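Here's a quick briefing for anyone meeting this structure for the first time. Have a look at the model, then read on.

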2 protein chains.
Amino acid sequence: MEAARLLAEHRLPGLIVVDERRHPKAVLPGSQLLRAVIPGYVQDDLALARVYDEGHADKLTESLRGKTVADVLPRTADRTPPPVVDADATAMEIASVMAAARSPVVVVTGDAHRTDAPMIGVITVSRLLTRLLATGSGPSP
Amino acid sequence: MEAARLLAEHRLPGLIVVDERRHPKAVLPGSQLLRAVIPGYVQDDLALARVYDEGHADKLTESLRGKTVADVLPRTADRTPPPVVDADATAMEIASVMAAARSPVVVVTGDAHRTDAPMIGVITVSRLLTRLLATGSGPSP
């Protein structure tokens with residue numbers, strides 16, 4: 001429920017999941033969170049979704065209560081580890097890593113080569129483009 | 001360049017591409033737009049991205065000038081048509097379509113079964129969750 005609220009309030013397409021040491025472990029796309037709360041028989045036959053009217057929609061969020069992020073993540077084998085860059089990565093490096101991973105976001109850590117380096121922050125593709133467009137039109141601060 | 005500005009200004013992870021009749025034709029993820037402007041040899045060997053310092057970053061946006069959205073879209077065979085729902089779709093239907101397509105967005109048209117129906121709007125996963133969470137906590141307006 002907390003993950004759903006974060007996605008809603010910050011208008012995010014997904015979340016980065018970290019462990020207790022802030023090591024980035026997985027991406028939780030918003031669509032994956034939805035998968036976890038839609039009855040299996042509706043996922044198998046989309047036509048059945050029609051029988052749910054708006055009054056039943058609260059059942060959807062009801063099924064989020066008591067579930068953890070770990071419950072709704074794909075099985076370990078199917079998880080996509082988030083792409084990672086160093087804090088000193090250049091704009092070209094960030095763009096290259098995003099493009100190669102086809103990801104709208106990269107995680108920033110102190111050392112991208114250490115899998116246990118804690119997350120410092122994230123850079124979205126829109127943030128990178130904002131910076132590149134500002135740089136392209138003149139000297140950056 | 002206009003597509004890059006839209007992604008940046010509206011903080012979007014991607015865009016819906018429509019034809020001259022507003023029929024939704026493809027999704028342009030921000031990461032795909034980046035692919036189109038990174039030199040091929042950097043995409044082949046990410047280590048080469050390091051040789052670009054911040055001063056060269058404006059070359060990145062420079063290469064966007066004169067390119068069209070059609071130029072940076074994947075080849076037709078590799079394009080993902082955006083998931084589509086009717087204007088009268090229920091919340092459960094929207095959630096089901098998003099989950100099945102693993103998409104953070106669905107396009108709304110007057111008739112999802114007609115491929116030539118013009119786009120009315122889009123619903124993001126965060127917008128859907130906002131509505132579901134509001135519905136779940138009491139009667140909706």
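Let's start with R102(B), which sits in the loop between α6 (91–101) and β4 (105–109) of chain B; helices (H or I, at least four residues) and strands (E, at least two) are DSSP runs, numbered from the N terminus. This is a predicted model, where local features need pLDDT of at least 70, side-chain atom pairs count only at pLDDT 80 or more, and totals for chains, interfaces and linings use all residues. Residues are numbered from 1 along each chain as its sequence is written, while chains are lettered from A and ligands numbered from 1 in the order in which they are written.

**Positive phi angles**
- Most residues other than glycine have a negative phi.
- R102(B) has a positive phi, near 50°, and counts as partly exposed because it has 14 C-beta neighbours inside 10 Å.
- A residue is buried if 20 or more other C-beta atoms, placed from the backbone, lie within 10 Å of its own, exposed if 12 or fewer, and partly exposed in between.
- R11(A), in the loop between α1 (2–9) and β1 (14–18) of chain A, isn't a glycine either, yet its phi is positive at about 55°.

**Covered helices in chain A**
- Nine of the 11 residues of α6 (residues 91–101) are buried, so this helix is largely enclosed by the rest of the structure.
- In α2 (residues 30–37), six of the eight residues are buried, including L33(A) and L34(A).

**A4(B)**
- A4(B) belongs to helix α1 (residues 2–9) of chain B and is buried, with 26 other C-beta atoms within 10 Å.
- Beyond its neighbours within four places in sequence, A4(B) is in contact (C-beta atoms, placed from the backbone, within 7 Å) with L129(A), L133(A), L33(B) and L64(B).

How values were computed
Two residues are in contact if their C-beta atoms, placed from the backbone, lie within 7 Å.
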